[in-house]
Amino acid sequence: MSDPAESIDAMLARIPYARFLGLRIELAGDEMTAILPFGQHLVGNPTLPAIHGGVLGAFMEMTALAQLSLAQPERRVPKTIDITIEYLRPARAQPSFARAILRKVGRRVANVQVECWQDSRAQPVAGMTGHFLLRTTA
């Protein structure tokens, strides 16, 4: 697969939880945006209602993995070493968006930051910093 969008879609199709969430990726030039469409099955707090924190965490982790796969398509899907999530405000019952920034990509480890928002990118609902083990295909 030479098309980056097809290779990322294929990677996400192999992850059952990504399929459960309905995660989508949009590419505009070299900029990738992950989209988490709202679904009632994603609600963690029905009183607000708000999206479950675990859903947001998984969404941001998969955004980081997709960005790494886009940057280094010749490698296997990276393994998560650790992630730190900052929940900043409730994620309401509406679509969420995320973008990842590759802070440092070394030979073995990558440092990635992800920002998740809903209405305005200037008001993120959550953020994530993660370290990922990069693996070769051989």
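Student: Great. What should I know before we start?

Tutor: This is a predicted model, where local features need pLDDT of at least 70, side-chain atom pairs count only at pLDDT 80 or more, and totals for chains, interfaces and linings use all residues. Residues are numbered from 1 along each chain as its sequence is written, and side-chain values use heavy atoms, with hydrogens and water left out.

Student: Okay, the sheet then. In what order do the strands sit?

Tutor: The order is E1-E2-E6-E7-E8-E5, 6 strands in an open sheet with antiparallel pairing. Helices (H or I, at least four residues) and strands (E, at least two) are DSSP runs, numbered from the N terminus. Two strands pair if DSSP finds at least two bridges between them.

Student: Which strands stand at the edges?

Tutor: Strand E1 (24-28) and strand E5 (76-87) do; each has a single partner strand, so one side of each is left without a neighbour in the sheet. On average, neighbouring strands of this sheet are turned by 30° against each other, direction ignored. Axes here are lines fitted to C-alpha atoms, for helices over the stretch in contact, and angles run from 0 to 180 degrees between N-to-C directions.

Student: How many bridges join E6 to E7?

Tutor: There are 8 bridges between E6 and strand E7 (residues 109-117), and the two run antiparallel. A hairpin of 3 residues connects E6 to E7. If you want partners to look for, Leu102 has Val112 in E7 as its bridge partner, and Lys104 stands opposite Asn111 in E7.

Student: And what about E7 and E8, how many bridges there?

Tutor: E7 and E8 are joined by 9 bridges and run antiparallel. They also form a hairpin, with 6 residues between them. Cys116 stands opposite Ala126 in E8.

Student: Now the helices. Which strands does H3 lie across?

Tutor: Helix H3 (residues 53-71) lies across E1, E2, E5, E6, E7 and strand E8 (124-135), running at about 50° to E6. Helix H1 (residues 4-13) lies across E1, E2 and E5, at about 165° to E1.

Student: Which residues touch the most other members of the largest nonpolar core?

Tutor: Val112, Val114 and Cys116 do, in a core of 34 residues. A nonpolar core is a set of buried Ala, Val, Leu, Ile, Met, Phe, Trp, Tyr and Cys residues joined through side-chain atoms within 4.5 Å. H1, H2, E2, H3, E6, E7 and E8 each supply at least two residues of this core, and the largest share, 10 residues, comes from H3.

Student: What is Val112 in contact with?

Tutor: Leaving aside neighbours within four places in sequence, Val112 is in contact with several residues, including Ala64, Leu68, Ile101, Met128 and Phe132. Contact means heavy atoms within 4.5 Å.

Student: Switching topic: how many salt bridges are there?

Tutor: The structure holds 3 of them. A salt bridge is a side-chain nitrogen of Lys or Arg within 4 Å of a carboxyl oxygen of Asp or Glu. One joins Glu31 and Arg99, at 3.1 Å from N to O. Glu31 lies in strand E2 (residues 31-36) and Arg99 in strand E6 (residues 96-105), so this pair ties together parts 68 residues apart in sequence.

Student: Is Arg99 buried or exposed?

Tutor: Arg99 counts as buried, at 18% relative accessibility, while Glu31 is partly exposed at 39%. Buried means under 20% relative accessible area, exposed over 50%, and partly exposed in between (1.4 Å probe, protein chains only).

Student: Which residues make the other two?

Tutor: Arg24 and Glu26 meet at 3.9 Å, N to O, and Glu115 pairs with Arg121, their closest N and O atoms being 3.2 Å apart. Glu115 is partly exposed at 28%, and Arg121 is partly exposed at 36%.

Student: Last one: how many aromatic pairs turn up?

Tutor: The whole structure has 2 aromatic pairs. In one of them, the ring centres of Tyr17 and Phe20 are 5.7 Å apart with planes at 20°, so the pair is stacked. Rings of Phe, Tyr and Trp (its six-membered ring) pair if their centres lie within 6.5 Å; planes under 30 degrees apart count as stacked, over 60 as edge-to-face and the rest as tilted. Both residues lie in helix H2 (residues 16-21), 3 residues apart, about one turn of the helix.
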